[in-house]
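This report describes how two protein chains meet. The sequence and the structure are shown first, and the account of the interface follows.

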Number of protein chains: 2
Amino acid sequence: MRPSAKKIASVLRQKGHKLTAQRRAVINVVVNSGEHLAPAALYERVRRAHPAIGLVTVYRTLEMLHELGLICRVHRGEKHGYTLAPSGHHHHLVCTECGIVADFTDCDLEVLQQRLSQQTGFKIEGHLLQFLGYCRDCQGGT
Amino acid sequence: MRPSAKKIASVLRQKGHKLTAQRRAVINVVVNSGEHLAPAALYERVRRAHPAIGLVTVYRTLEMLHELGLICRVHRGEKHGYTLAPSGHHHHLVCTECGIVADFTDCDLEVLQQRLSQQTGFKIEGHLLQFLGYCRDCQGGT
DNA sequence: TACCTAACTGAAAACAAGTTTCATTTATAA
DNA sequence: TTATAAATGAAACTTGTTTTCAGTTAGGTA
Ligand SMILES: [Mn+2]
Ligand SMILES: [Mn+2]
Ligand SMILES: [Zn+2]
Ligand SMILES: [Zn+2]
């Protein structure tokens with residue numbers, strides 16, 4: 001269950017953030033794109049609705065939404081991608097050819113985490129899990 | 001079982017790479033540091049033995065060693081760390097406070113991978129798994 | 001409604017990690 | 001030795017992101 005633009009706006013207000021035209025524009029793009037877009041790609045799209053917006057503002061807004069837990073971040077080499085977070089903890093399956101990302105939720109790492117914690121003395125707070133491969137469309141070609 | 005400087009040198013030669021003083025210096029630092037050092041940190045240390053070396057050469061050497069499977073790479077935000085690879089597939093437990101890294105080998109992700117492959121049609125080639133937390137030394141303080 | 005002000009914005013500069021270019025040097029096979 | 005492909009390092013460049021700062025604005029208050 002992914003939050004709507006309305007829901008996101010209300011969270012912002014509730015947390016004392018201002019609801020500017022720029023932020024609305026960013027939120028709209030994020031809400032209306034299923035993909036995990038990199039900041040630059042997102043910026044391109046946001047500009048269609050709000051040509052005057054600066055890339056900085058896009059970065060700042062994404063950062064804010066991420067801190068509020070409203071969007072998730074994918075790590076792809078140097079670049080980052082963002083989308084609306086489906087509710088709660090999830091991970092990614094990334095196509096190394098075209099960059100498309102699929103989400104999944106059940107990682108079942110508790111047992112492993114428990115064991116590692118015991119063996120190493122680390123207090124484990126989280127994990128990063130990503131599968132890499134070729135999506136259906138990219139399996140044929142070079 | 002981590003390769004020795006000698007072993008590494010012989011692999012390089014065998015693959016047709018030249019064995020330069022700079023490469024020797026980089027290899028020595030990597031071999032003699034248990035930690036996963038970022039390229040910049042590694043560069044600092046290499047300079048102690050070989051002050052004239054350029055950072056580029058460090059990058060190039062690390063890249064080469066990585067391609068030959070002789071060292072492993074950790075992903076920490078933007079920065080990368082390297083050390084000698086323990087033999088084969090392994091993963092990392094990273095302390096978000098001090099950056100120390102512990103290795104582990106048994107990830108048991110085959111079942112999950114199989115299921116995801118089936119569900120999404122992805123041909124999965126690899127994965128990235130990392131646990132994040134606080135090492136023993138960093139659990140007390142702020 | 002008309003202010004007030006902390007929050008927000010965007011241009012530009014700064015930054016950080018990594019890569020490319022290219023003239024010079026060097027390891028090593030012949 | 002010598003020849004030469006491989007390797008080096010300085011400097012310039014790229015890419016993604018952050019900082020700075022002077023000006024603008026959302027939204028609470030009188
Ligand atoms: Mn996601
Ligand atoms: Mn390792
Ligand atoms: Zn693909
Ligand atoms: Zn630590």
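## Buried area

Chain A and chain B bury about 3,000 Å² between them, and 65% of this lies on carbon and sulfur atoms. Buried area is the accessible area (1.4 Å probe) that two parts lose on being put together, summed over both. Phe122(A), Leu128(A) and Phe131(A) provide 22% of what chain A buries against chain B, more than any other three residues.

## Basis of the model

The model is predicted: local features need pLDDT of at least 70, side-chain atom pairs count only at pLDDT 80 or more, and totals for chains, interfaces and linings use all residues. Residues are numbered from 1 along each chain as its sequence is written, chains are lettered from A in the order in which they are written, and side-chain values use heavy atoms, without hydrogens and water.

## Contacts and salt bridges

In chain A, 33 residues are in contact (heavy atoms within 4.5 Å) with 33 residues of chain B. Between the two chains there are 2 salt bridges, each a side-chain nitrogen of Lys or Arg within 4 Å of a carboxyl oxygen of Asp or Glu. Asp106(B) forms a salt bridge with Arg115(A), where the closest N and O atoms are 3.4 Å apart.

## Strand pairing

Strand β5(A) pairs with β5 (residues 123-134) of chain B in the antiparallel sense over 11 bridges. Strands are DSSP runs (E, at least two residues), numbered from the N terminus, and two of them pair if DSSP finds at least two bridges between them. Lys123(A) stands opposite Tyr134(B), a residue of β5(B).

Terms used: Helix = DSSP H or I, 4+ residues; strand = E, 2+ residues; numbered from the N terminus.
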